Amino acid sequence: MIQVTAPQLPPESLLARRRGSECYRDAFRASVAGEVSLGELITAFFSSRTFLTERMALHLIGRGAGHAEIAALAAGRTQRFAAWEVEAREEEELLMHDFLDKTCCWLAVSSRGEDGALDGPLPVPETGRTYIWFGTAVREFEGPIVSRLRGAHRWYARHLLEAAARRLG
């Protein structure tokens with residue numbers, strides 16, 4: 001069984017460094033066996049069945065993306081994906097903002113190297129496992145309609161990460 005937790009957003013993460021306290025921010029984390037690259041997480045996340053409904057909705061507004069676009073994003077060959085634009089990318093993290101710059105999507109991986117050494121700035125699991133992360137930032141999250149959606153957003157975010165973890169497992 002995959003356990004998705006909601007730990008504190010690591011202060012060294014791209015999401016924390018680039019999207020400050022003016023935003024609602026969250027982070028979800030799951031542990032998967034083996035070493036997982038950021039590209040593998042991107043592919044698993046955006047090609048999951050859970051995300052398919054969102055991809056279909058994005059197609060309806062002219063912001064869709066298919067498997068070729070997912071592959072390009074995973075390989076770091078594009079700065080745009082569906083409704084998002086890459087804001088920052090490091091070896092283990094990706095931060096994208098939507099075309100209106102109101103929301104951000106953050107994906108990250110963290111693991112220990114085979115020698116047990118820490119690998120990157122994010123908290124890491126035991127050797128032989130990788131933490132996969134998904135987080136969001138939303139500006140103006142306290143409006144009357146948007147604040148009512150917080151519970152639904154958190155439920156959906158957990159299920160998105162769980163679906164990616166299943167694909168990677």
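Author: Let us begin with the second largest pocket, which holds about 150 Å³ of space; a pocket is an open set of points on a 1 Å grid over the protein atoms alone where a 1.4 Å probe fits, with protein on both sides within 12 Å along at least five of seven lines, and lining residues have an atom within 4 Å of a point. The volume is the space filled by probe spheres set on points joined across faces, edges and corners. This is a predicted model, in which local features need pLDDT of at least 70 and side-chain atom pairs count only at 80 or more, while totals for chains, interfaces and linings use all residues. Residues are numbered from 1 along each chain as its sequence is written, and side-chain values use heavy atoms, without hydrogens and water.

The lining of the second largest pocket consists of A6, P7, Q8, L9, P10, P11, A16, R25, D26, A27 and R154, and strand β2 (residues 23-33) contributes the most to it, namely three residues; helices (H or I, at least four residues) and strands (E, at least two) are DSSP runs numbered from the N terminus. By class, this lining has seven nonpolar residues, one polar and three charged, where Ala, Val, Leu, Ile, Met, Phe, Trp, Tyr, Cys and Pro count as nonpolar, Asp, Glu, Lys and Arg as charged, and the others, Gly among them, as polar.

The largest pocket holds about 690 Å³, and of the 27 residues that line it, E54, T103, T136, V138 and H153 lie nearest its centre. At least two lining residues come from each of α2, α3 (49-60), β6 (103-112), β8 (129-139) and α5 (150-168), and the lining as a whole has 19 nonpolar, three polar and five charged residues.

Three of these elements, α2, α3 and α5, can also be followed through their packing. α3 and α5 pack at an angle of about 120° with their axes 8 Å apart, the axes being lines fitted to C-alpha atoms over the stretch in contact and the angles running from 0 to 180 degrees between N-to-C directions. These two helices are therefore oblique to each other. In their contact (heavy atoms within 4.5 Å), T50, F51 and E54 of α3 meet Y156, H159, L160, A163 and R166 of α5, which gives four nonpolar, two polar and two charged residues.

α2 also packs against α5, at about 115° and again with axes 8 Å apart. Here E40, L41, A44 and F45 of α2 meet L160, L161, A164, R167 and L168 of α5, and this contact has seven nonpolar, no polar and two charged residues.

Notes:
Angles under 35 degrees count as roughly parallel, over 145 as roughly antiparallel, 65 to 115 as roughly perpendicular and the rest as oblique.
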